Amino acid sequence: MADQRPDSNGQVSSCEDDRTGTSVETLRRAILDHLYYSQGRVPALATSNDWYMALAYVVRDRIMGRWIKALETLEKKGTRMVGYLSAEYLPGPHLLNGILNLGIGDQMRQAVARLGLDLETLVEQEEEPGLGNGGLGRLAACYVDSLATLKVPAIGYGIRYEYGIFEQKIEGGRQVEVTDKWLRWGNPWEIEQAELIFDVGLGGRTESYHDHQGNYQVRWVPERVVKGVAYDTPIPGYRNESLSLLRLWKAEAVESFDFQAFNVGDYYGAVQEKIASETISKVLYPNDEPSAGKQLRLAQQYFFVSCSLQDMIRVHLLSGHSLDTFHEWFAVQLNDTHPSIAVAELMRLFVDEYFMAWEEAWEITWRTFSYTNHTLLPEALEKWPLPLFRQLLPRHLEIIFEINRRFLDAVRSRHPGDDGLLARLSLIDERDDRYVRMAHLACVGSHAVNGVAALHTELLKETVLRDFYQLNPEKFVNITNGVTPRRWMALANPALTRLISGRIGEGWISHLEELQALESHADDPDFRNQWRQVKLRNKELLAGFIRERAKIAVDPKTLFDVQVKRIHEYKRQHLNVLHIIALYLRIKNNLRTEITPRTFIFGGKAAPGYFMAKLMIQLVNGVAAVVNSDPDVAGRLKVVFFPNFNVKNGQRVYPAADLSEQISLAGKEASGTGNMKFSMNGALTIGTLDGANVEIREKVGAENFFLFGLRAEEVQELKARGYQPRPYYESNREVGSVIDLIASGRFSNGDRGLFRPLVDSLLYHDEYLLMADFASYLEAQTQVDLAYRDPECWTRMSILNVARMGKFSSDRSIREYCEKIWRVAPGELAANNGPPPF
């Protein structure tokens with residue numbers, strides 16, 4: 001039966017379809033139906049997870065209703081489709097996102113209540129897909145959400161890691177990594193496409209031959225073959241009939257059981273191929289320090305790229321198009337360097353599998369791809385040793401050599417005699433053991449290269465990609481990152497969402513620029529009071545989680561000073577710690593010292609093999625142990641490390657923050673997106689002119705941003721002169737006292753050696769210039785102290801921060817990709833003019 005809209009009480013006048021209906025009673029019935037028939041449980045015996053699964057299936061049914069409707073409207077000859085290749089996705093929990101985007105929040109809450117259950121309790125049952133390390137994966141998920149909301153036909157391609165990023169526990173102040181078993185209770189959101197399978201070769205050799213027309217050809221004879229199986233998760237757009245598809249690939253053996261080996265008693269050998277094949281999608285980003293880790297990581301990248309490109313070709317041919325128009329129907333985005341092997345793989349598919357001439361194949365390939373660079377750190381621009389690459393992908397290495405030969409010939413013709421330029425541009429780094437430069441491959445094989453913040457893009461042009469920019473300046477564009485306001489405001493901060501919508505309506509949720517209308521309310525005393533009450537309530541909720549998870553009691557009325565992000569030296573969590581120690585010493589030296597009471601909250605994971613980052617976590621916890629137990633600072637300072645920071649925990653932290661710490665060294669952060677999430681939720685920023693901080697400050701106003709530190713050009717000049725950190729230590733009494741206290745063992749139970757590597761790094765190397773920025777940072781923190789003591793002024797600044805964040809929606813970012821790079825018009829799906837069948 002066709003859906004009918006419920007009345008104000010959530011009821012409809014006639015019976016609805018239990019799969020698509022949205023009235024309270026229909027939803028209640030549907031939950032029970034899935035409890036019985038999907039979970040095999042009766043209410044009396046059902047666990048919380050059983051109820052969660054039933055509820056999830058009910059929401060998925062309604063999403064699938066949209067999916068089927070979208071498929072019915074798709075025509076064979078549609079519009080250009082976006083293929084988004086990303087090794088990471090961090091979508092966060094799906095349940096509330098689905099409920100929000102479907103617009104059935106009130107009805108679902110009532111339906112669950114009629115069953116004697118609490119929606120928030122069921123929501124907590126959901127395991128978060130940990131399919132990324134941090135900002136890269138979260139950005140990709142925001143973009144998939146915006147693609148659906150803007151009705152842009154798109155598939156996000158990636159890997160279905162069986163074990164995602166580790167679960168972080170803190171034991172004895174140290175980070176302990178625990179396996180992330182996010183699939184252990186099943187995943188109701190994905191649909192296995194058991195018949196959508198592609199073979200992926202690895203290793204082996206190549207053979208040359210001549211075809212029946214006498215043309216020279218090459219065939220790859222892989223040593224082994226694995227198969228990729230598609231798992232689809234539909235991502236609904238906000239309050240529309242559109243969806244994006246998240247298609248993740250699982251690696252399986254072509255033959256999972258060797259009966260002959262089993263019959264002769266080789267029981268391990270009987271399943272050896274299954275184990276070896278499934279390892280490829282077993283875990284997110286294996287430790288790539290050992291050679292085996294490097295090989296597995298490269299295999300992961302090639303595996304998902306090959307499956308994805310084969311799938312796009314399948315879709316294209318199924319639609320009745322010829323391969324010579326592939327670039328007209330697919331825009332393929334490389335999200336960082338991880339999928340850049342796609343350039344060589346698409347050439348292999350065209351030339352070796354479909355016997356296309358090299359020149360035609362290359363023309364289609366570079367017109368298909370575009371490349372997003374996410375880093376200014378040279379070590380993050382992936383390079384693979386030639387022996388390893390040849391062993392795993394021999395045919396691709398031949399193709400890369402040929403791409404490089406032709407590319408360098410073209411460069412040589414434009415710049416004769418400039419051997420230095422040729423060496424810098426070459427896809428092969430000839431130094432040491434020789435390496436394949438994957439970022440170079442992405443630049444050469446793409447028609448567009450973009451940075452992710454205005455400053456980042458300019459620095460790309462001036463530093464790591466300078467030669468490519470000078471060679472083809474027309475390729476380079478900037479598209480500043482953005483985040484989805486659906487998850488990071490509407491879901492994360494429902495109280496603030498209600499307050500804002502009560503004043504300016506709900507249109508801002510899909511048109512964030514409408515937040516500007518809040519400016520007229522910034523001087524309204526009643527509105528400011530309501531704003532403060534929302535913030536206080538969010539802080540009270542976070543304080544409860546901190547007590548539960550970190551076993552520390554914090555005062556919600558203190559200033560919540562928050563830094564949550566991946567732990568890395570360039571992000572300078574240790575600069576934050578130095579400030580805490582400085583405040584601690586000020587109080588200890590004079591108990592009457594006047595400071596604004598603060599709760600410092602840290603969160604983030606360190607890469608398992610990153611010694612210094614893990615030591616920084618120990619330092620935070622060491623300082624917390626001393627400060628939190630010292631009666632002299634009770635009620636004035638408190639330090640918390642919130643464990644296992646992820647999307648779900650981020651939804652609790654961002655709305656509660658008063659101050660956002662965005663303190664990376666200028667010129668090191670590509671963009672950052674946490675800075676946007678904090679500002680959208682009313683936190684004020686203390687930060688450097690790094691990444692998107694520059695544009696945030698421009699938008700919110702310099703008077704509403706606490707700026708400190710060297711500028712990017714000043715950093716370069718200081719390093720060029722030969723930066724020496726020790727003179728700062730010797731000349732600044734406060735920083736000297738802070739460093740000495742760490743070195744004394746005060747925060748390591750008397751162990752003077754524990755933090756010695758950190759102290760020595762700061763005194764003798766200080767690659768990220770903490771010593772140079774310390775005094776400026778403390779001065780800015782003093783300004784924070786003074787501002788927070790005036791709640792009316794602080795609240796006004798907070799409101800203006802939110803009101804001026806319209807630029808930083810991922811919807812704006814996707815519109816710019818559509819316009820500047822993909823040449824795809826948003827809203828295509830709404831016009832019954834969609835892509836070919838998926």
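The axes of helix 6 (residues 135-149) and helix 33 (residues 810-822) approach to within 9 Å and cross at roughly 80°. Helix 6 and helix 33 are therefore roughly perpendicular to each other, a label given to angles of 65 to 115 degrees, whereas angles under 35 count as roughly parallel, those over 145 as roughly antiparallel and the rest as oblique. Axes here are lines fitted to C-alpha atoms, for helices over the stretch in contact, with angles running from 0 to 180 degrees between N-to-C directions. The helices themselves are DSSP runs (H or I, at least four residues) numbered from the N terminus.

This is a predicted model, in which local features need pLDDT of at least 70 and side-chain atom pairs count only at pLDDT 80 or more, while totals for chains, interfaces and linings use all residues. Residues are numbered from 1 along each chain as its sequence is written, and side-chain values use heavy atoms, with hydrogens and water left out.

On the helix 6 side, Cys142, Tyr143, Ser146 and Leu147 meet Ser810, Asp811, Ser813, Ile814, Tyr817 and Trp822 of helix 33, contact meaning heavy atoms within 4.5 Å. The residues of this contact of helix 6 with helix 33 comprise 6 nonpolar, 3 polar and 1 charged; Ala, Val, Leu, Ile, Met, Phe, Trp, Tyr, Cys and Pro count as nonpolar, Asp, Glu, Lys and Arg as charged, and the others, Gly among them, as polar.

Helix 6 also gives the most to the lining of the largest cavity, with 4 residues. A cavity is a set of points on a 1 Å grid over the protein atoms alone where a 1.4 Å probe fits but cannot get out; a pocket is an open set with protein on both sides within 12 Å along at least five of seven lines, and lining residues have an atom within 4 Å of a point. The structure holds 9 cavities of 30 Å³ or more, and the volume of the largest is about 130 Å³. Among the residues that line the largest cavity are Arg138, Ala141, Val144 and Asp145, together with Tyr89, His94 and Arg487. By class, this lining has 6 nonpolar, 3 polar and 3 charged residues.

The second largest pocket contains about 1300 Å³ of space. Of its 37 lining residues, Leu96, Arg109, Ala490, Leu491 and Pro494 lie nearest its centre. The elements that give two or more residues to this lining include helix 3 (95-102), helix 4 (105-114), helix 20 (494-504) and helix 21 (525-549). The lining of the second largest pocket has 18 nonpolar, 8 polar and 11 charged residues.

Helix 21 leads on to another helix pair. The axes of helix 21 and helix 32 (residues 791-803) come within 10 Å and cross at roughly 85°. Helix 21 and helix 32 are therefore roughly perpendicular to each other. Phe527, Arg528, Trp531 and Arg532 of helix 21 make the contact with residues of helix 32 including Pro791, Glu792 and Arg796. By class, the contact of helix 21 with helix 32 has 5 nonpolar, 2 polar and 4 charged residues.

Conventions. Grid points are joined across faces, edges and corners, and a volume is the space filled by probe spheres set on the points.
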